[in-house]
Amino acid sequence: MDLRVLCVAALLGVFSCRAQQEGSDCIKANAQSCGECIQVSEKCGWCTDATFLKQGESKSARCDDLESLIKKGCVLAKIENPRGKTTIVTDKPVTNRVNKDTSVKMDTNQITQIQPQKLSLQLRSGEPQTFALKFKRAEDYPIDLYYLMDLSYSMKDDLDNVKNLGTALMNEMKEITSDFRIGFGSFVEKTVMPYISTTPARLLNPCTSNQNCTSPFSYKNVLRLTKKGEEFNKLVSEQQISGNLDSPEGGFDAIMQVAVCGDQIGWRNVTRLLVFSTDAGFHFAGDGKLGGIVLPNDGKCHMENNMYTMSHYYDYPSIAHLVQKLSDNNIQTIFAVTEEFQPVYKELKNLIPKSAVGTLSSNSSNVIKLIIDAYNSLSSEVILENSKLPEGVSIQFKSICKNGVVGTGEDGRKCSNISIGDEVSFEIGITSTKCPSQPKPTTVKIRPLGFNEDVEIELNFICECECHDHGEANSINCHNGNGTFECGACRCNEGRIGRLCECSTDEVRTDDLDANCRKDNGTDICSNNGDCVCGTCECKKRENPEERYSGKFCECDNFNCDRSNNKLCGGHGRCECRMCICDANYTGSACDCSLDTSTCLAANKQICNGRGTCECGICKCTDPKFQGPTCETCPTCPGVCTEHKDCVQCRAFETGEKKDTCERDCMYFNMIRVKDKLPQPGDQSYPLTHCKERDANDCWFYFTYAVRNDTVKEVYVVETLECPAGPDIIPIVAGVVAGIVLIGLALLLIWKLLMIIHDRREFAKFEKEKMNAKWDTQENPIYKSPINKFQNPSYGSKG
């Protein structure tokens, strides 16, 4: 949002006008020179017009995005905005397939499998530079294979099967390449206790008395890489088994020497394969302490007379050290190990790029098939790796493999199932986020693992503008020569600050300078969020680098905006100068109001069913009768069936309450009569309601109601009423009469039963009283004397 701030007259009568985009990263960076500006972001430009700044504006106002600079009056010709570019220096096309049957063979140096070979990149901060890389597997490409074998006693039967490996493998590899070389080396263990027995007899023959074994050794290069398979068979046949005391072997010492002793091994700059054959585990860095060896492996070649001479002096190499040396020397490793140690070496394979693990039979009889399968597996996959990148530089890969399969992220570095002659491509992007402390050209290499070719990329960093080269040192335009006038502004000498380098960093703050740091003549200096330095506010830094104060008076920040759901600006916008700038389709002070109306669509595809408004994705029903998420529910409204019942009845059957006003009130729908079958909901694309209603004669009638195309109302009616059948009078009358008779008889029987019970109770009572009566024979109980006697109460009293 473009905020234009008009500054009213200050105390000194100076007017100043400022127009800036408060949220711009270019402005927030407070860049003091063109070089600083273009490093902020690839969208930032610097206005070199000496008259561009208005009264009171700081130098950092020259740094902004191009659109804003043009709006503020800087012409395009005066804007420094250097762009990066990619230049292809060497672009030799990949080699087409070579017919192996021809007599003329191409030299290895003439074969190209990766294109382009050299580029030069101009990198500006934040602006990625991309280029395409092509890879094509060449046919009949030379192979060097070095067979490194464990010659401890447990591998005795394996040695017999390896003795004829040279010629047999040569014959098999002819199907893959006509230029194949093979070499042989062996290893046992460090020649110190406790790995071997150091008694004189055991040093001569470490095996039991009835076994003839050679003296123990760490690593021996038996045969330099050669095309002579017969020589391989001859020298391997002369080898003898040795022995050691512990189960893990010193194979890592041998692998390190094979990797770094290229001259002794005879490695060419072709496909390099190392076959590591063993039936045991391995010692690694730190295990040497058991033998009193504490010096870390130095990763250098120590071979004399084809023997490793420093096994007693240097510790075993670490896995990471071994991975580095194998990668540096472009060696692909095939671990041919017995089934017992498969889990261990598969874990090791995961740590070593471009390596494979094969299951070695107990006597190594399947070693040729193992090597062929492992080679096919390794060569069918291309994995790109890059050398160390300078600080602040990142690289992204995108692969376009066979059949259009696209990979990104880590998968963007590789393609699988590549056959000879197949071509795959990669899109590579390199981005610089900042200029290095010493911005000199840097070389980065990208190469496919296991192949001898690479792409050389020269990185050049754009850290200064072109106008920087035309700067005037100690210019009089910069307060008596206190700075260099370049790109339309002063770049101050050390210890000087200010728009024209007019202030020293050692100067104390004065009232006059502080006045320029007070907003609207207030009392707060830099809004209490910064320090006034040379009349300019320098805002305080927050602990969280994502939180910043900004503005001329540090009056703005990007963390004090309204929140919703405990998220700044609801998670749908950004905070600029304490106001939320909402993303598209969101509004509100906290960007918590969605403008998306899809949640307000009713079943008829109308917003809030046409009975309300959609506010923040929620329907506000204008008619209080309607409720629900889309104003479709009306608890007090009659249903569709009840609403149209009378009109359907009058038009279809000429009955009902509206039969007299049918022509006037009920012609708003199209009526179709059907005999017995009504349309079903799945027969059409619009909603359909089935109805069943009863008329005044208790007859049922059936119909459907639907609205087609949002306007046409259709009613299908079954033309036959479903009326209940009349009652059968005779059974009803007979039933009623029979019921009355039966009820009467039942009442008489009940009355008679009650009377019998009552009489029996009265008779029993009489009998009881009669039994209890006692008559006096001399006195009639009903006789009563006719004489009554009364006492005179005053008789005999004393006057």
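Predicted model: local features only at pLDDT ≥ 70, side-chain atom pairs only at ≥ 80, totals over all residues.
Start with the inside. The largest nonpolar core takes in 37 residues. The members that touch the most others are Leu145, Tyr147, Met149, Leu169, Phe180, Phe184 and Phe232. As for where the core gets its residues, the largest share comes from helix H12 (residues 367-379), which puts in 7. Apart from this core there is another one, made up of 30 residues, with Val258, Leu274, Leu322 and Tyr345 among them.

Met149 is worth a look of its own. Once its neighbours within four places in sequence are set aside, Met149 is in contact with Met155, Asp158, Leu159 and Val162, and also with the run Phe184, Gly185, Ser186 and Phe187.

Now to the strands. Strand S22 (residues 423-432) is largely enclosed by the rest of the structure, because 7 of its 10 residues are buried. Two pairings of S22 can be described here. Strand S9 (residues 129-136) runs antiparallel to S22, and 8 bridges join them; in this pairing Lys134 sits opposite Ser425. Strand S19 (residues 393-400) also pairs with S22 in the antiparallel sense, again over 8 bridges, and here Ile395 faces Ile430 of S22.

Elsewhere, 3 strands make up an open sheet with antiparallel pairing, in the order S4-S3-S5. Strands S4 (63-65) and S5 (79-80) are the edges, each pairing on one side only. As a reminder, strands of a sheet pair through backbone hydrogen bonds, either parallel or antiparallel.

Finally, the outside. A nonpolar patch on the surface is formed by Ile729, Val733, Val737, Val741, Leu742, Leu745 and Leu748, which together have about 660 Å² of accessible area. Leu748 belongs to helix H16 (residues 729-772). With a relative accessible area of 55%, Leu748 counts as exposed, because the cut-off for that label is over 50%.

Technical notes:
Residues numbered from 1 in each chain as written. Heavy atoms only, no water. Core = buried A, V, L, I, M, F, W, Y, C linked by side-chain atoms within 4.5 Å. Buried < 20%, exposed > 50% of the residue type's maximum accessible area, 1.4 Å probe, protein only. Helix = DSSP H or I, 4+ residues; strand = E, 2+ residues; numbered from the N terminus. Contact = heavy atoms within 4.5 Å. Patch = residues over 30% accessible without salt bridge, like charges linked within 9 Å, V, L, I, M, F, W, Y side chains within 5 Å. Areas by Shrake-Rupley, 256 points an atom, 1.4 Å probe, with all protein chains shown as cover. Salt bridge = Lys/Arg side-chain N within 4 Å of Asp/Glu carboxyl O. Pairing = 2+ DSSP bridges.
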